[in-house]
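Here's a quick tour for anyone opening this one up for the first time.

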Amino acid sequence: MKPIKNLEPIAKWILRCAAVVYVFSLYYKSLQSFEFSNIHYLLNFIYCLFFVLLFIGGFQKGNTLTIISGIVVSLISVYKVYWEFNGSFLDTQLYVFLMLLGIGVFFTSRGNS
């Protein structure tokens, strides 16, 4: 069976939309506090900001915004995977950030093409 190549752009937009909505739902409560002196708050704010930029980058012709956003999302996801790892591979938060890392690496490697 051959893959359906015409569904790839739809799949990319589903990934973008789902990631933005998921990250905002994950950090909505903590982002309402406006604690810019807390390093975890700043990282969560930057994380959400670059997921929005990843979404906006899909509307542009160039790949630069998508690639830079993917790099930042990947780096913060690596940090969050490291932070969430508590010696157990059964922790679901670890795999959430691992999937978000995969989304960041995907858009870093593919851009908008």
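Let's start with helix H2, which runs over residues 39–57. Its 19 residues reach 26 Å from the first C-alpha to the last, close to the 27 Å expected at 1.5 Å a residue; that expected span is 1.5 Å times one less than the number of residues. Helices here are DSSP runs (H or I, at least four residues), numbered from the N terminus. Keep in mind that this is a predicted model, where local features need pLDDT of at least 70, side-chain atom pairs count only at pLDDT 80 or more, and totals for chains, interfaces and linings use all residues. Residues are numbered from 1 along each chain as its sequence is written, and side-chain values use heavy atoms, with hydrogens and water left out.

**Helix H2 and its cover**

- The buried residues of H2 are Tyr 41, Asn 44, Tyr 47, Cys 48, Phe 50, Phe 51, Leu 54 and Gly 57; buried means under 20% relative accessible area, exposed over 50%, and partly exposed in between (1.4 Å probe, protein chains only).
- Helices H1 (8–31), H3 (64–84) and H4 (92–110) are among what covers those buried residues.

**Asn 44**

- Asn 44 sits in helix H2 and is buried, at a relative accessible area of 11%.
- Leaving aside residues up to four places away in sequence, Asn 44 touches Tyr 27, Ser 30, Leu 31 and Lys 80 (contact means heavy atoms within 4.5 Å).

**Aromatic pairs**

- There are 12 aromatic pairs, counting rings of Phe, Tyr and Trp (its six-membered ring) with centres within 6.5 Å; planes under 30 degrees apart are stacked, over 60 edge-to-face and the rest tilted.
- Trp 13 and Phe 55 have ring centres 5.5 Å apart and planes at 85°, so they pair edge-to-face.
- Because Trp 13 is in helix H1 and Phe 55 in helix H2, this pair ties together parts 42 residues apart in sequence.
- Trp 13 is partly exposed at 28% relative accessibility, and Phe 55 is partly exposed at 25%.
- Tyr 47 and Phe 97 make a tilted pair, with centres 6.4 Å apart and planes at 50°.

**Charges over rings**

- The charged end of Lys 80 sits over the ring of Tyr 47, 5.7 Å from its centre (NZ of Lys or CZ of Arg must be within 6 Å of the ring centre and within 35 degrees of the ring normal).
- Arg 16 lies over the face of Trp 13, 5.0 Å from the ring centre.

Notes
Helix = DSSP H or I, 4+ residues; strand = E, 2+ residues; numbered from the N terminus.
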